[in-house]
Structure formats: C-alpha cells, structure tokens
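Me: I have a structure open and would like to learn how to read it. Could you take me through a few features, one at a time?

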Amino acid sequence: MKKVAILGGTGNIGEGLARRICLGGKFDVAIGSRGADKAQAAADGVCACLKERGCTETTCTGGTNADVCSADILILSLPFERIQSTIDTIGKSAFENKIIISLINPMVRNPGEKYFLPDQPAEGSAALAIEKMLPASAKLVCAFNNVAAGKWMELDEELDYTVAVCGNDEEAKAAVKELVASVSKLQPLDAGPLAMSNVIEGITPLVITIAMRNGLKDVGVYFR
Ligand SMILES: NC(=O)c1ccc[n+]([C@@H]2O[C@H](COP(=O)([O-])OP(=O)(O)OC[C@H]3O[C@@H](n4cnc5c(N)ncnc54)[C@H](OP(=O)(O)O)[C@@H]3O)[C@@H](O)[C@H]2O)c1
C-alpha cells in the first residue's frame, strides 16, 4: 500500500484530508506535526473514524514532520509562511526525489470589505517559491487547492469536484492524479506545468469571495 504523509496534517484541512484519503481505500496516511504526540492524537481520531465506517483497507499513523517524510507522496498542508522553516527543520535532503503536493493558497482579506485577494510571493505563486526551497530532484505538483474547505469533513457527502493538477514532472503528476481520483468523487484534470499554479492558487480567493458576497457556502469548482 502506498503512503501519503500530510505535513501540518493536524490543521484545519489536514484533518479532513487524512480521513478522506484513508476512506478512499488506496493509500495509507501518516500525519505530520511539530509534536509527535499531537500527530498521534490526530491519527487516533482518523483511525476511530475508519473503524466507525468499517474501513479496514487503510491505516493512519502520526509522527513528527521529519518522521513522516519516508512516505511515497508528501502533502505540504501548512501556511505558506511556515514552509521554509519547516523544510529547514526537517532538512532539505529528506525531500530528494520525492513527489510533493502543494495545496497552499496565499491570500489576504481586504479589511472592511467582503473580498479576498491572492497574496502571492515575488516568484509568482507559492508553489514556484516552494520549488526554489526544495532540492532540484523534488517533484512538486499542485493539487487540492480549490476544494472547499468545509466539505472535507462532511464525510457523508461526496466531494464532487474537479481538481486542477499542475506540475513539471509527468510521472509525478500521474501519481498525484491517481491519489486525487482515489478520494470520493474528485476528478483530477491535467492543468499543465507548475507555472499554472499562479492561476490555480488564485481561484481560491475568488471562490471564497463569491461565496461571501452571494450567500453561498463552500463554493467549489467543476470544470466542464
Ligand atoms: N483551510 C482551508 O480552507 C484551505 C483550503 C485549501 C487550501 N488550504 C491551504 O492549506 C494550507 C493549510 O491550511 P490550514 O487551514 O489547514 O492551516 P492551519 O490549520 O492554520 O495550519 C496547519 C498546521 O500548520 C502547523 N503550523 C502552524 N504554525 C506553524 C509553525 N510556526 N511552524 C511549523 N508548523 C506550523 C500546525 O501543525 P502543528 O502545530 O501540529 O505542527 C497546524 O496544524 C494553507 O497553506 C492553505 O492555504 C487551506
């Protein structure tokens, strides 16, 4: 069984992400955290959920962010501004030749007005900046950026969205598409090279703004 590690997997999105990936039945999950105990507690919660739902195919474990880096695919599920220090703490060599997913969308809320704007770094996107922080052999792919946050934990509902997947390594992209397709009804779509991450990351502040201004909840994207 392939394993996916979620660095920062104790956070808002990590909780639902871990459950959904395990429930997909095709990947084990390791939750990473700065604190091993915190990760273990989060993993215990996922295991309890799997038991409750009769899912016996997959498991979830917890460890420090460094501990979980032996997994086949690493998901960076941290605020953008914490990525550099997290890579430094773990050690860059842990990321050599790894398939790494960024779902990071830097954004800023306009104070007083109901809208969010992308807040991307000088490189053009979080993913392009992260690519520079990683070893050259790491294969960075963007995926899951635009899945409505509130939906991850609503496990009785299908996640019925398309997921734009971009990256420069075709094999890594294929592996990430396989992971995306294993989750609920998510449909991966090839969105081209990593340079497209600028657009993909920018969709999230757009859909949040649309939700806020139109009385909608958990707006997602379906390309068709
Ligand atoms: N939430 C969403 O709706 C959503 C949707 C799509 C994409 N995203 C993207 O997903 C990423 C994670 O979002 P989130 O809302 O899950 O984030 P979050 O809950 O704020 O943080 C995730 C984890 O980051 C770790 N962390 C916090 N401060 C840290 C620090 N100083 N150094 C190292 N680790 C630190 C914490 O883990 P430990 O304390 O266990 O170490 C925390 O549980 C973001 O980049 C966001 O843009 C979020």
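Predicted model: local features only at pLDDT ≥ 70, side-chain atom pairs only at ≥ 80, totals over all residues.

Me: Which residues of α6 are buried?

Reply: Here, buried means under 20% relative accessible area. In α6 the buried residues include Ser197, Ile200, Glu201, Ile203 and Val207. The buried residues of α6 pack against β6, β7, α4, β8 and β9.

Me: What follows α6?

Reply: Look at the backbone angle phi. After α6 comes Gly215, with a positive phi near 65 degrees. Helix α1 is followed by Gly25, whose phi is also positive, near 80 degrees.

Me: And what do the buried residues of α1 pack against?

Reply: Their partners are β1, β2, α2, β3, β4 and α5. Among the buried residues of α1 are Leu17, Ala18, Ile21 and Cys22.

Me: Now the ligand. Which residues come nearest?

Reply: There are 18 residues around the ligand, and Thr10, Ser33, Lys38, Leu78 and Ala149 come nearest. The side chain of Ser33 has an N or O atom 2.6 Å from a ligand oxygen. Leu78 uses a backbone N or O atom, 2.6 Å from an oxygen of the ligand. For Asn105, a backbone N or O atom is 3.0 Å from a ligand oxygen.

Me: How much of the ligand's accessible area does the protein cover?

Reply: On its own the ligand has 890 Å² of accessible area, and the protein covers 78% of that.

How values were computed: Residues numbered from 1 in each chain as written. Heavy atoms only, no water. Buried < 20%, exposed > 50% of the residue type's maximum accessible area, 1.4 Å probe, protein only. Helix = DSSP H or I, 4+ residues; strand = E, 2+ residues; numbered from the N terminus. Contact = heavy atoms within 4.5 Å. Near = heavy atom within 4 Å. Polar contact = N/O pair within 3.5 Å; in protein donor to acceptor, adjacent residues only side chain to side chain. Areas by Shrake-Rupley, 256 points an atom, 1.4 Å probe, with all protein chains shown as cover.
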